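This report describes the links and contacts that can be found in one protein structure. The sequence and the model come next.

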Amino acid sequence: MKTVRIVSAAMLLALSSTALAQQAEQCPTLPADSGLHWDQQTQSDFIVCKASTSDGRTVLNMMLTARDPDMAFNRSLRAEKGSFGGESMHWYKLDMGGRDLPGLESRRITVVKLDKNRFAQIWIDAADTAELGNLQNLTQTLSLNSSALAGAR
């Protein structure tokens with residue numbers, strides 16, 4: 001009986017390690033010199049990737065989903081042009097109901113339709129406008145692997 005438990009525990013550990021390795025591959029690969037690392041949360045119909053700095057500050061967030069986030073952005077809040085996953089897009093300033101809150105100048109959001117039933121909602125929470133530009137440039141270099149939305153159906 002003890003041997004069965006040990007073998008069962010070893011199999012569960014192997015399966016969970018495989019599952020964790022598969023999950024890690026779903027967020028785009030960050031450049032080694034970016035100083036960022038992904039924290040990933042996988043649900044049945046979406047994947048959330050949060051890129052954090054070495055001091056734990058989350059600066060880049062991405063939700064990959066098979067459902068259209070159906071977010072309407074006000075054209076007057078349109079900011080910089082960019083691209084993600086081979087698709088052109090615009091970054092938008094955040095709308096805080098007309099309130100001018102500190103730090104808004106270095107925050108952006110966008111939604112990119114990648115394919116039929118494949119969407120990326122991306123938002124940046126940079127410390128300043130220089131970091132915002134760096135994160136926007138980094139986002140353009142990220143590429144999704146083909147299994148990125150395998151669990152998001």
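## The nonpolar core

The largest nonpolar core has 25 residues, and those touching the most other members are Trp-38, Leu-60, Met-62, Phe-84, Ile-122 and Leu-142. A nonpolar core here is a set of buried Ala, Val, Leu, Ile, Met, Phe, Trp, Tyr and Cys residues joined through side-chain atoms within 4.5 Å. At least two residues of this core come from each of E2, E3, E5, E6, E7 and H2. E3 gives the largest share, 4 residues. These labels refer to DSSP runs numbered from the N terminus, with helices (H or I) of at least four residues and strands (E) of at least two.

The model is predicted: local features need pLDDT of at least 70, side-chain atom pairs count only at pLDDT 80 or more, and totals for chains, interfaces and linings use all residues. Residues are numbered from 1 along each chain as its sequence is written, and side-chain values use heavy atoms, with hydrogens and water left out.

Which residues does Leu-60 touch, not counting residues up to four places away in sequence? They are Trp-38, Cys-49, Lys-50, Ala-51, Ile-122, Trp-123, Ile-124, Leu-138, Thr-139 and Leu-142. Contact means heavy atoms within 4.5 Å.

Of the 8 residues in E3, 7 are buried, and the strand is mostly covered. Buried stands for under 20% relative accessible area, exposed for over 50%, and partly exposed for values in between, with a 1.4 Å probe and protein chains only.

E3 runs antiparallel to E2, and 7 bridges join the two. Two strands are taken as paired if DSSP finds at least two bridges between them. Cys-49 has Met-62 in E3 as its bridge partner. The hairpin of E2 and E3 has 5 residues between the strands, and Gly-56 takes a positive phi near 90° there. E3 also runs antiparallel to E7, with 6 bridges joining them. Met-63 stands opposite Gln-121 in E7.

## The disulfide

The whole structure contains 1 disulfide, defined as a pair of cysteine sulfur atoms within 2.5 Å. In general, a disulfide is a covalent bond between the sulfur atoms of two cysteines. Here Cys-27 is joined to Cys-49, with an S to S distance of 2.1 Å. Cys-27 lies in the loop between helix H1 (2-24) and E1, while Cys-49 lies in strand E2, so the pair ties together parts that are 22 residues apart in sequence.

The torsion about the S-S bond of Cys-27 and Cys-49 is about -100°, which means that the disulfide is left-handed. Cys-27 is buried at 2% relative accessibility, and Cys-49 is buried with a relative accessible area of 0%.

## Salt bridges

How many salt bridges does a search of the whole structure find? The search finds 4, a salt bridge being a side-chain nitrogen of Lys or Arg within 4 Å of a carboxyl oxygen of Asp or Glu. One of them joins Asp-45 to Arg-67, with the closest N and O atoms 1.9 Å apart. Asp-45 is in the loop between strand E1 (37-42) and strand E2 (46-52), and Arg-67 is in the loop between strand E3 (58-65) and strand E4 (78-84), so the pair ties together parts 22 residues apart in sequence. Asp-45 counts as buried at 14% relative accessibility, whereas Arg-67 counts as exposed at 55%.

Arg-57 forms a salt bridge with Glu-131, and their closest N and O atoms are 2.9 Å apart. Because Arg-57 lies in the loop between E2 and E3 and Glu-131 in helix H2 (residues 129-141), this pair ties together parts that are 74 residues apart in sequence. Arg-57 is partly exposed at 31% relative accessibility, and Glu-131 is buried at 17%. Asp-125 forms a salt bridge with Arg-107, with the closest N and O atoms 2.7 Å apart. Asp-125 lies in strand E7 (residues 118-125) and Arg-107 in strand E6 (residues 107-115), so the pair ties together parts that are 18 residues apart in sequence.

## The aromatic pair

The search of the whole structure finds 1 aromatic pair. The ring centres of Phe-73 and Tyr-92 are 4.6 Å apart and their planes are at 15°, so the pair is stacked. Rings of Phe, Tyr and Trp (its six-membered ring) pair if their centres lie within 6.5 Å; planes under 30 degrees apart count as stacked, over 60 as edge-to-face and the rest as tilted. Phe-73 is partly exposed at 25% relative accessibility, and Tyr-92 is buried at 10%.
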